[in-house]
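Hi there,

Here is the structure I promised to pass on. My notes on its pockets follow below it.

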Amino acid sequence: MGDITWDEFKKIEIRVGTIVDVREFPEALKPAYKLEVDLGEDLGVKRSSAQITDIYSREDLIGRQVVVVANLSPKKIGSFTSEVLITGFFKENNNVVLAVPDKKVKNGSILS
């Protein structure tokens, strides 16, 4: 990966939100969930899909805060439209561990 400029980085809107709904996504090619994430008053609830079924149960996810990229163009996945990208890190076995704040913050807060 090449370097990006500060101005390029400032275009990426990284925010925190709370997962408020988790549904199975059986039509996805790889096992995934359909998630709804509350991003606060300004952005409201946004939808995303995440291939995290191998590490997280639906019960693990409800109420959990996550870090998202909020200003990517929507991505169509079958009949589902993902509105934000939930971030995480690959483990050695390619499972994804969610990127999360270590303390609760206000939904919609922007990464500084």
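What volume does the second largest pocket have? About 170 Å³, in a predicted model where local features need pLDDT of at least 70, side-chain atom pairs count only at pLDDT 80 or more, and totals for chains, interfaces and linings use all residues. Residues are numbered from 1 along each chain as its sequence is written, and side-chain values use heavy atoms, with hydrogens and water left out.

On the terms: a pocket is an open set of points on a 1 Å grid over the protein atoms alone, where a 1.4 Å probe fits, with protein on both sides within 12 Å along at least five of seven lines; lining residues have an atom within 4 Å of a point. A volume is the space filled by probe spheres set on the points, which are joined across faces, edges and corners.

The lining of that second pocket includes I14, R15, V16 and V67.

The largest pocket holds about 750 Å³ of space. Of its 30 lining residues, S49, A50, Q51, L85 and I86 lie nearest the centre. The lining splits into 16 nonpolar, 10 polar and 4 charged residues.

Best wishes

Conventions: Nonpolar A, V, L, I, M, F, W, Y, C, P; charged D, E, K, R; others polar.
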